[in-house]
Amino acid sequence: MFNSILTLTYTDLNINRLTHLLKLYGLSKDELLDNLNKDRKRKLSEKEVFGDNIKISILKKIDDLFKKGLSYYIDPKDLKASKEESIFFRKDKFNAELSFGAKQIVTHFEEEKIAFSALSKLADFKTERILPSYTIKNNPKEIAKEIRKVLYPKFTTERKMFLKSLIAKFAEHNIVVFEFIETWNKKEKANINGFYLSPNVIVLKRQKSYRRETFTLIHELGHYLLNIEEIDEKIGDDFSNYESLDKIEKWCNDFAYYFLVGEFDSKISLLDKASTRNDYHHEIIKQISEQTNLSEYALFTRLRINDTISYKDYQTVKNEFENQFREKEAEEKKKREEEKEDGRKSNARASKPILSPLYVNTVQSAFIEGIIGEFEFCKRLNIKPEKIESFLK
């Protein structure tokens, strides 16, 4: 069907399917037209986009946004909004004003979740919930202490390895974690850090700081434990963000802090008021940060939450961290520009997302049992065909 489409100039359009996508993404016809007409001298009309027949070139531009494949739009079968299809049909409001790029990411991983669930059932993989559910009436500190006993991995100061170990622990308890990496040249940026999709999927955005990404992961674990779906942009690592959070988000934030800080919370709680007199406890905070994989900034935010540092002094420390970050960014940018001018090629390889062992094992089983073929196996694990044997050992 796909090849036959490409030989045509025009094709029939099932307008119901395009309307379904607009509803899914929360877009009006005018908003879609505005998006399609960006940087175009001759603007597309409503009739050209929403008529019964459509130019293949225009359909391709539409699919550049929605990534469904051209055959999706000409399929005569109509679609109806269902809660099973998307969180956008299950919830109306989120903790972020989602960009189009964010909606693309969420929709993509809803599809991944559905595919993962189907493969699990076909491969007879058990993915039922193991951990109990809680409510915000439960004390997040006590729950963190309880969950930490079963999910906290062997500690390491290698932050990426620690994150991978956490993801592996989650997999042992039937929680699958997907990580996505946003390239610098992506047109539609996703203004989100992570989200939880019921019943057992957590999605993380690769961040410049693995500590921050780890905090996001545990925050989303909080949503899983409460079984409350959410899409998060700001996770509350800044006090001004934390103050604006609702009860659910504060519970998840507090849970994440207590889960990661562990026994060191008692040391934090015993600190006297941070000020210039004690150099804001920088040395102690740095030591605790190294032993918990919580960022120093997150720990200072906890001091502010505990009222162990004044708002004015907290802002001073915050500005110090922000200046350090900007200096580091400037140095990295300068280094990239120098390499470009010298014609040097960077030895850095394109990053790949961290894969959940639960996901890998499910895909392996589906391949071995003949449920999926070689192409699908390689596509889902993002590997080349010659690497298949190494993924089946």
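Which residue just after H15 takes a positive phi? That would be Asp307, with a phi of about 60 degrees. Keep in mind for every view below that this is a predicted model.

**View 1. Helix H15 and the residue that follows.** H15 covers residues 296-305, and nine of its ten residues are buried, so the helix is largely enclosed by the rest of the structure. Just past the helix you can pick out Asp307 with its positive phi.

**View 2. A four-stranded open sheet.** Reading across, the strands come in the order E3-E5-E4-E6, and the pairing is mixed. E3 (176-180) and E6 (230-232) sit at the edges with a single partner strand each, so one side of each has no neighbour in the sheet. On average, neighbouring strands here are turned by 15 degrees against each other, direction ignored.

View 3. E3 runs parallel to E5 (residues 201-205), and five bridges join the two.

**View 4. Nonpolar cores.** The largest nonpolar core has 57 residues, and those touching the most other members are Leu32, Val49, Ile62, Phe66, Ile192, Phe195 and Ile231. Helix H7 (residues 100-122) gives the most to this core, with seven residues. There's also a second, separate core of 53 residues, which includes Phe170, Val177, Val261 and Ile309. As background, nonpolar side chains tend to be buried together in soluble globular proteins.

**View 5. The surroundings of Val49.** Skipping its neighbours within four places in sequence, Val49 is in contact with Leu13, Leu18, Leu32, Leu33, Leu36, Leu44, Ile54, Ile58 and Ile62. Two of these names, Leu32 and Ile62, turn up again in the next view.

**View 6. Where H3 crosses H5.** The axes of H3 (residues 29-36) and H5 (residues 56-66) come within 11 Å and cross at roughly 105 degrees. That makes H3 roughly perpendicular to H5. From H3 come Leu32, Asn35 and Leu36, meeting Lys61, Ile62, Leu65 and Phe66 from H5. By type, the contact residues split into five nonpolar, one polar and one charged.

Terms used. Residues are numbered from 1 along each chain as its sequence is written. This is a predicted model: local features need pLDDT of at least 70, side-chain atom pairs count only at pLDDT 80 or more; totals for chains, interfaces and linings use all residues. Side-chain values use heavy atoms; hydrogens and water are left out. Buried means under 20% relative accessible area, exposed over 50%, partly exposed in between (1.4 Å probe, protein chains only). Two strands pair if DSSP finds at least two bridges between them. Axes are lines fitted to C-alpha atoms, for helices over the stretch in contact, and angles run from 0 to 180 degrees between N-to-C directions. A nonpolar core is a set of buried Ala, Val, Leu, Ile, Met, Phe, Trp, Tyr and Cys residues joined through side-chain atoms within 4.5 Å. Contact means heavy atoms within 4.5 Å. Angles under 35 degrees count as roughly parallel, over 145 as roughly antiparallel, 65 to 115 as roughly perpendicular and the rest as oblique. Ala, Val, Leu, Ile, Met, Phe, Trp, Tyr, Cys and Pro count as nonpolar, Asp, Glu, Lys and Arg as charged, and the others, Gly among them, as polar.
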